[in-house]
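Please examine the sequence and the structure shown here before reading on.

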Amino acid sequence: MRVGFIGLGSQGGPMARRIVEAGYETTLWARRAASLEPYADTAAKTAGSPAELAAASDLVCLCVVGDDDVREVLYGQAGVLAGLAAGGIVAVHSTVHPDTCREVAESAAKHGISVIDAPVSGGSPAVAAGTLLVMAGGEAEVVEHCRPVFATYADPIVHLGPLGSGQVAKILNNLLFSANLGSAISTLELGESLGVPRDRLCEVLNGGSAISKALSSIAIFGGTLDGLAPIAGALLQKDVRHAASLAASASAPEGAVFDAADAALRSMEYPR
C-alpha cells in the first residue's frame, strides 16, 4: 500500500517516520518546507500539493489540527480528493467533530473514495514505543485494510463502530482529561490553602489511588496549569465544545464532567 501523510507536527511527524521506516512507499506534504527537512534522510518522497500526494497514494492519513484544516487539505483543485483515485482511502487521525467526518465522507463517496476516522491518543512517546492508541470508526473492512499501516505506530487499534465513532470516543477521552485537570488543580489549590506545598502534594497523589495522567501533567509544570495552557488549552477548548455539541444533539445532560472540565478551561484562560 502506498501511503500519503499530511500533518507532520509533534505527533504526526513521528507517525509518518514509523510508516516510512516500516518500508511503505510514503509521500509527504506540508505547508512549510521546513517541516519536510527532518525526512531528508529517509526514503519518503515529497509532493507539491495535497492532490499530488494523493495521486501517489492508496491511503492518505491526515493528522492536522482541526476541522477547518481537514477541509482545507481535502477540498479544492489542489486538495486530496482531487488527486486520490477511486478505491483510495482517507484516514482522519485529527480530532474533529463526527459531523465533519460524515461531511467529508459524503464528498469523498462521489469520487469512489472511502473515509474512516482514526483519532489517536498517547503522544510522541507512545508513537516511539509503537503503543499509540487508535480509535477507529468506519466500515470494518476498510479499517482492517488500514490496520497494517496503523500497526507501525499503534497498539491497540480499536474499531468502535460506524464512521464518527472514533471521534466520539476521542472527544469523550479529552473531555474526561479536561475534567481531571480541573479536579486536580482544585485539589492542589485546596491543599495549598491547608498548608501542603503543591510539589509535595503532587508527589503523594501521584503515588496513591488518586493518580491520573492529568495530575502527572500538572506536576511536570510545577503544580499549576500555566505551562500546560499554551500547549493544550486551545485544543481542549475545541474538544470540550465538540463534546457539548454532541450532548446537545442527543438531548443528554452535560453533568459533572463538564463542570470540572470548564473549571480547567477557565484556569487555562480558554473558557468554553
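The model is predicted. Its largest pocket has a volume of about 1400 Å³. A total of 44 residues line this pocket, and the closest to its centre are S10, Q11, G123, I231 and L235. By class, the lining comprises 19 nonpolar and 18 polar residues, together with seven charged ones. The following elements each give two or more residues to the lining.

| Element | Residues |
|---|---|
| α3 | 67–74 |
| β7 | 120–121 |
| α6 | 123–129 |
| α8 | 165–193 |
| α10 | 213–220 |
| α11 | 229–249 |

**Helix α3.** Which residues of α3 are buried? They are D67, V70, V73 and L74. These residues lie on the same side of α3, because they cover an arc of only 135° around the axis. Just after α3, the residue G76 adopts a positive phi of about 90°. Helix α3 is also among the elements that give two or more residues to the lining of the largest pocket.

**Residue R198.** R198 is located in helix α9, which spans residues 198–205. Is R198 buried or exposed? The relative accessible area of R198 is 15%, and buried means under 20%; R198 is therefore buried. When neighbours within four places in sequence are left aside, R198 is in contact with I185, L188, E189, E192, G223 and T224.

How values were computed: Residues numbered from 1 in each chain as written. Predicted model: local features only at pLDDT ≥ 70, side-chain atom pairs only at ≥ 80, totals over all residues. Heavy atoms only, no water. 1 Å grid on protein atoms, 1.4 Å probe; cavity = no way out; pocket = protein on both sides within 12 Å on 5 of 7 lines; lining within 4 Å. Points joined across faces, edges and corners; volume = space filled by probe spheres on them. Helix = DSSP H or I, 4+ residues; strand = E, 2+ residues; numbered from the N terminus. Nonpolar A, V, L, I, M, F, W, Y, C, P; charged D, E, K, R; others polar. Buried < 20%, exposed > 50% of the residue type's maximum accessible area, 1.4 Å probe, protein only. Contact = heavy atoms within 4.5 Å. Arc of directions from axis to C-beta.
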